[in-house]
Amino acid sequence: MDLLRSCKSMSHFKQIHAQLFTHGLHRQIYILHKLMAFTTDVNLTHADKIFSQIECPTLFIYNLMIKAHVKSGNYRKAIFLFDELRMQGLWPDNYTYPFVFKAVGGLRMVLEGEKIHGYAFKSGDLYDCYVCNSVLDLYGELGCVQSLAKVFDEMRVRDLISWNVMISGLVKSRRFEDAIGVYKRMRREASVQPNEATVVSTVSACTSLKNLDIGHEIHEYVSIEMGFTMIIGNALLDMYAKCGCLDIARGIFDAMPEKNVICWTSMISAYVSSGHLDEARALFENTPVRDLILWTTMINGYVQFNKVNEAMTLFRYMQMDGVKPDKYTLVVLLTGCAQLGALEQGEWIHAYLEENRICIDAVVGTALIEMYAKCGCLEKSLHIFYQMKQRDTASWTSVVCALAMNGDSHRALQLFSEMIQVGIRPDDITFIGVLSACSHGGLVEEGRMHFDSMTKIYQIEPKLEHYGCLIDLLGRAGLLDEAEDIIKKVPDQDKKIIIPLYGALLSACRSYENVDMGEHIAKKLLEIESSDSGSHTLLANIYAAASRWEDSTRVRRKMKTLGTKKLQGSSTLENQ
């Protein structure tokens, strides 16, 4: 036994094991326990070999094996061993269940989890706080909020881990209000005080809700009761930054005695999101260590604000710094090229992908399709699409929208049909492309059918863009009464939706010189928004087209009286 205690390597272990075997000691339970404890920690394959030769493994040995397989990520084997030990007539204990629940959570097996929860309940092991916490963690991981809350409320004893697992489970399920509610309850009822894990999870909920009241309260608690750690400081920095309190975020950042790359990235990301690119770049230049995420954050900032040339320059600096980009960095750059129609730079990135043998998967392929389509290279978009081995909803949607945008309505609808046939479910963006194709092609029947299918087949609630495409389609076809009926059916008559829709219908009235409907629609628009200059201008133009000059002049005078002005147009061109 002294030899086993001092054993440091597998080669040494095998020598000891051989000696034990020679003397017939290898079957003694006490020695088996020591052998299995060593091998499960050092060499799981060897532990499996020894385990397979044991006639009647004890619960202790099963626990060791389950724990080792869970730690190695072999969750199915762990559950198999759990079922086997029960078939052998052994009863799991409070050391068995936590690892089995972790395996179930890793495989996301809700029914299996509920079944094993039932075993633990019947055996009385749920009275153990450690086991109960593992059940909480399971339901939190699986997003079973009702079961999570029920187990938590029925616990006789809750320790700090119980409260932390409950809060983090609710945050994972995006039940942020409930997570904050549990934190408040903890402060009122619990005998334990929040620690770093409590603070980070609750601050995350505050960030998502932009709830600075509780955020400030936690900040004060940390300052007075706990003291800052790098992780807490970073969580608070992120909260204030995302809530628009850049000065407070910068104050926390500057006060941090130690900063890791996550801290620098959070602060730079805050400046980027607020459009303060100069401050972000200044901080970026002072960063002691720059990882791929930090480089991508800064590059994305330039792309986000249409500074593609600066993004490309920074990308080249990144390469010179020896940092290898991943597909997400390149997708960001391709997105920027698509926004500005920067074909030459987009082609350079495409060439870089091929030269470096970076896999053109669904994400990269979709970015390339959109870039070429928006640069007017439709055939290249289609070539990439047909070469892709994996195509998801975004890939199909991008090529449908590309064809619709370039006026090829029939091919767009044909590809949409193929998409449905291969079992890819469309989303709301797909239908924008489909309805846009119908509008450009004047395909009224198809447009009606696809619009109706959104709610009836796919349970997708139409948005402004979908209504806009349909109204445009009906307006071009001269079906003005039907277009008005569609607008009347918009749920809750949301002004954000119906004002632009009535505006589109008014434009159609002008095209068809339908003065009566034009007057009627203009009156509705002016009731909703009396100062809208576009409605006045369109109505005046409708009167003018019908040679009703007095009415046209009257509307224009009214515009002057109300002080409305026609807004000037503007355009953005790529700087060459």
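Here is a friendly conversation about how the helices and some residues of this predicted model get their labels.

Me: What should I know about the model before we start?
Reply: This is a predicted model, where local features need pLDDT of at least 70, side-chain atom pairs count only at pLDDT 80 or more, and totals for chains, interfaces and linings use all residues. Residues are numbered from 1 along each chain as its sequence is written, and side-chain values use heavy atoms, with hydrogens and water left out.

Me: How many helices and strands are there in the protein chain?
Reply: The protein chain has 34 helices and zero strands. Helices (H or I, at least four residues) and strands (E, at least two) are DSSP runs, numbered from the N terminus.

Me: Why are α21 and α22 called roughly antiparallel?
Reply: Let's take the angle. Helix α21 (residues 327-340) and helix α22 (residues 343-355) pack at about 155°, and their axes are 9 Å apart. Axes are lines fitted to C-alpha atoms, for helices over the stretch in contact, and angles run from 0 to 180 degrees between N-to-C directions. Angles under 35 degrees count as roughly parallel, over 145 as roughly antiparallel, 65 to 115 as roughly perpendicular and the rest as oblique. The two helices are therefore roughly antiparallel to each other.

Me: Which residues of α21 and α22 make the contact?
Reply: Leu330, Leu333, Leu334 and Cys337 of α21 make it with Gln345, Gly346, Ile349, Tyr352 and Leu353 of α22. Contact here means heavy atoms within 4.5 Å. By class, this contact has seven nonpolar, two polar and no charged residues. For these classes, Ala, Val, Leu, Ile, Met, Phe, Trp, Tyr, Cys and Pro count as nonpolar, Asp, Glu, Lys and Arg as charged, and the others, Gly among them, as polar.

Me: What makes α10 roughly antiparallel to α11?
Reply: Again, look at the angle: the axes of helix α10 (residues 145-154) and helix α11 (residues 160-172) cross at roughly 165° and come within 11 Å. That makes α10 roughly antiparallel to α11. On the α10 side, the contact is made by Val145, Leu148, Ala149 and Phe152, and on the α11 side by Ser162, Trp163, Met166, Gly169 and Leu170. These residues divide into seven nonpolar, two polar and no charged.

Me: How do you know whether serine 395 is buried or exposed?
Reply: Compare its value with the cut-offs. Buried means under 20% relative accessible area, exposed over 50%, partly exposed in between (1.4 Å probe, protein chains only). Serine 395 has a relative accessible area of 0%, so it is buried. This serine sits in helix α25 (residues 393-405). Not counting residues up to four places away in sequence, serine 395 touches Ala362, Thr366, Ile369, Phe385, Met388 and Gln390.

Me: Why is cysteine 401 called partly exposed?
Reply: Cysteine 401 also lies in helix α25. Its relative accessible area is 25%, so it counts as partly exposed. Leaving aside neighbours within four places in sequence, cysteine 401 is in contact with Ile429 and Gly433.

Me: What makes histidine 219 count as buried?
Reply: Its relative accessibility is 17%, so histidine 219 counts as buried. The residue is in helix α14 (residues 212-226). Beyond its neighbours within four places in sequence, histidine 219 is in contact with Phe228, Leu236, Tyr240 and Ile252. Between histidine 219 and leucine 236, which are 17 residues apart in sequence, the C-alpha to C-alpha distance is 7.3 Å.

Me: Why does arginine 108 count as partly exposed?
Reply: Its relative accessibility is 48%, so arginine 108 counts as partly exposed. Arginine 108 is found in the loop between α7 (96-107) and α8 (110-123). Phi of arginine 108 is near 55°, a positive value in a residue other than glycine.
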